[in-house]
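Please keep the structure in view while reading.

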Amino acid sequence: MNRKGKPAEEAAQDYRVECIEFSEVRAACLSHLGPPENLGSSIQKFIAWRKANGLTPDVSRTFNLLYGNPEVTPPQDFRLDLCAQIQAPVQKNDCGVIEICIPAGRCAVLRYVGADEFIDMPIGYLYQNWLRGSGESLRDFPLFFERVHFYPNVPDYEMITDIYLPLL
């Protein structure tokens with residue numbers, strides 16, 4: 001459901017895309033590589049690392065980098081990076097969390113309100129509708145999300161996710 005209570009599949013006309021200048025973000029990153037159904041264990045590991053390092057979502061922005069479409073990517077090749085904005089360097093750790101940079105640059109951004117179950121719809125809209133008609137070209141960086149409000153702090157149908165499509 002979107003903020004107007006319509007199912008996500010009916011809300012395509014509500015999608016608003018803006019082109020913005022995204023500012024660089026230093027981030028702690030845990031890469032999940034493997035079947036999407038195993039993502040939960042990577043998320044739990046990252047949550048534990050964040051808590052131990054004082055980087056809970058109320059003090060640190062949350063990002064995900066998506067390296068392919070989970071519907072067509074072979075499960076063993078699926079990759080999603082779990083990220084939290086940092087101010088200090090990431091210390092060596094046993095969790096596999098490293099420091100990365102989400103680079104500055106132009107991005108198309110679409111705000112999606114709803115459950116991850118339907119997030120493929122606004123992503124599809126960005127690629128299949130907006131990008132084709134925009135005259136824009138993609139930059140060599142994956143699509144990424146900023147999790148503005150998410151479960152368990154809000155019900156899944158009220159989650160707010162900004163979807164960024166890096167542009168040249």
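Which residue in strand 7 does Phe-63 stand opposite? The residue opposite Phe-63 in strand 7 is Glu-146. The model discussed here is a predicted one, and the points below are grouped by topic.

- Strand 3 is joined to strand 4 (residues 79-85) by 5 bridges, and the two run antiparallel.
- Within this pairing, Thr-62 has Ala-84 of strand 4 as its bridge partner.
- Strand 3 also pairs with strand 7 (residues 143-149), again in the antiparallel sense and over 5 bridges.

**The sheet as a whole**

- Backbone hydrogen bonds are what pair the strands of a sheet, in either a parallel or an antiparallel manner.
- Here, 8 strands form an open sheet in the order 1-6-8-7-3-4-2-5, with antiparallel pairing.
- Strand 1 (17-22) and strand 5 (98-102) stand at the edges; each has a single partner strand, so one side of each lacks a neighbour in the sheet.
- On average, neighbouring strands of this sheet are turned by 35° against each other, direction ignored.
- Val-25 has Ile-102 in strand 5 as its bridge partner.

**The helices**

- Helix 1 (residues 39-52) lies across strand 2, strand 3 and strand 4, and runs at about 15° to strand 4.
- Helix 2 (residues 120-134) packs on the sheet and touches strand 1, strand 3, strand 6 (105-113), strand 7 and strand 8 (160-166).
- The direction of helix 2 makes about 130° with that of strand 6.

**The largest pocket**

- The largest pocket holds about 1,300 Å³ of space.
- It is lined by 47 residues, of which Asn-64, Leu-80, Asp-116, Phe-145 and Arg-147 are the closest to its centre.
- At least two lining residues come from each of helix 1, strand 3, strand 4, helix 2, strand 7 and strand 8.
- Helix 1 supplies the largest share of the lining, 7 residues.
- Sorted by class, the lining comprises 29 nonpolar, 9 polar and 9 charged residues.

Terms used. Residues numbered from 1 in each chain as written. Predicted model: local features only at pLDDT ≥ 70, side-chain atom pairs only at ≥ 80, totals over all residues. Heavy atoms only, no water. Pairing = 2+ DSSP bridges. Helix = DSSP H or I, 4+ residues; strand = E, 2+ residues; numbered from the N terminus. Axes fitted to C-alpha atoms, helices over the stretch in contact; angles between N-to-C directions. Contact = heavy atoms within 4.5 Å. 1 Å grid on protein atoms, 1.4 Å probe; cavity = no way out; pocket = protein on both sides within 12 Å on 5 of 7 lines; lining within 4 Å. Points joined across faces, edges and corners; volume = space filled by probe spheres on them. Nonpolar A, V, L, I, M, F, W, Y, C, P; charged D, E, K, R; others polar.
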